[in-house]
Amino acid sequence: MHIRSKDDLKLYVLRRLGYPVIKINVEESQLQDRLDDALEFYQLYSSEAQKTEYIKHTITQDEIDAKSLNIGDDVLAVSKVFPTFYNMNSIAWYSPEYQTFIRELKELQSGNLENYYITERHISLLNFLLGKSDVSFKFNEFTKELSVTTDWSALSPGESFLIIQAVKKIDPNKYKALWDSYWLKELAYYYVLRQWAANLKKYMNIQLPGGTTLNASEMMEEAVQKIGEIQQQLKDVSDPLPFFEVA
């Protein structure tokens, strides 16, 4: 069976735990929470559940006043902010610095990529000498606030903009194959098993019809151990997120 939704994942986990032969003592809201926890961890640590995007953000007056801006809730990290604050009417487009920058790009625009690496190094040096290096910023992953160090007084609301290189979560409701990930299924299964064990932990050796016995302590021990192993394996095979500040 191909899993293509959260409901499919829920049924998969329940069947794997023994439903409908065995009654699974996990309430619906608990079940939904554990599936959400599994998805959150998977999106945070698996590069398969993330994508890098370049976001064009137009500056508003409120952001100029606050000297910071808020970006989408699906953004996990910001790795770079490009110094493109100006609009087409800005005098910066006609400055000697900008014209010098454009001349350095002519070879690339013509399709000649033989000296691409050398040209990139040259442009980086020019940017550094002309004060046009990457913008300094700080990103808070919880408030989604991006603080940028620049001359905010030189920006025009509704016209000036910046380009943000960000790592975003992949939406599983849009890319439904994400629900069928091995890692997500394993995490979801053991998260729910841990919840079931927590619900039963005050009982020992619970007798089921047919003579089957459930031991809450053993279930909890298995779930905790497997969750730790899966989480570590997932971190080992995935690229780390760029959680850092650029000074």
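Reader: Which residues does Leu-17 touch, not counting residues up to four places away in sequence?

Author: In this predicted model, Leu-17 touches Ile-22, Ile-24, Tyr-189, Val-192, Leu-193 and Trp-196, with residues up to four places away in sequence not counted.

Reader: How many residues does the largest nonpolar core have, and which have the most contacts inside it?

Author: In soluble globular proteins, nonpolar side chains tend to be buried together. Here the largest nonpolar core has 36 residues. Those with the most contacts inside this core are Leu-9, Leu-17, Tyr-42, Leu-187, Leu-193 and Trp-196. Two or more residues each come from helix 1 (6-17), helix 2 (28-45), helix 7 (182-200) and helix 8 (216-237). Helix 7 gives the most, with 12 residues. Another core, of 17 residues, lies apart from this one and includes Ile-59, Val-75, Val-78 and Ala-166.

Reader: What is the strand order of the open sheet, and which strands stand at its edges?

Author: The open sheet has 3 strands in the order 2-5-4, with antiparallel pairing. Strand 2 (68-70) and strand 4 (136-140) each have a single partner strand and stand at the edges, so one side of each is left without a neighbour in the sheet. On average, neighbouring strands of this sheet are turned by 20° against each other, direction ignored.

Reader: How many bridges join strand 2 to strand 5, and which residue is the bridge partner of Ser-68?

Author: Strand 2 and strand 5 (residues 145-149) run antiparallel and are joined by 3 bridges. The bridge partner of Ser-68 is Ser-147, in strand 5.

Definitions and conventions
Residues numbered from 1 in each chain as written. Predicted model: local features only at pLDDT ≥ 70, side-chain atom pairs only at ≥ 80, totals over all residues. Heavy atoms only, no water. Core = buried A, V, L, I, M, F, W, Y, C linked by side-chain atoms within 4.5 Å. Buried < 20%, exposed > 50% of the residue type's maximum accessible area, 1.4 Å probe, protein only. Helix = DSSP H or I, 4+ residues; strand = E, 2+ residues; numbered from the N terminus. Contact = heavy atoms within 4.5 Å. Pairing = 2+ DSSP bridges. Axes fitted to C-alpha atoms, helices over the stretch in contact; angles between N-to-C directions.
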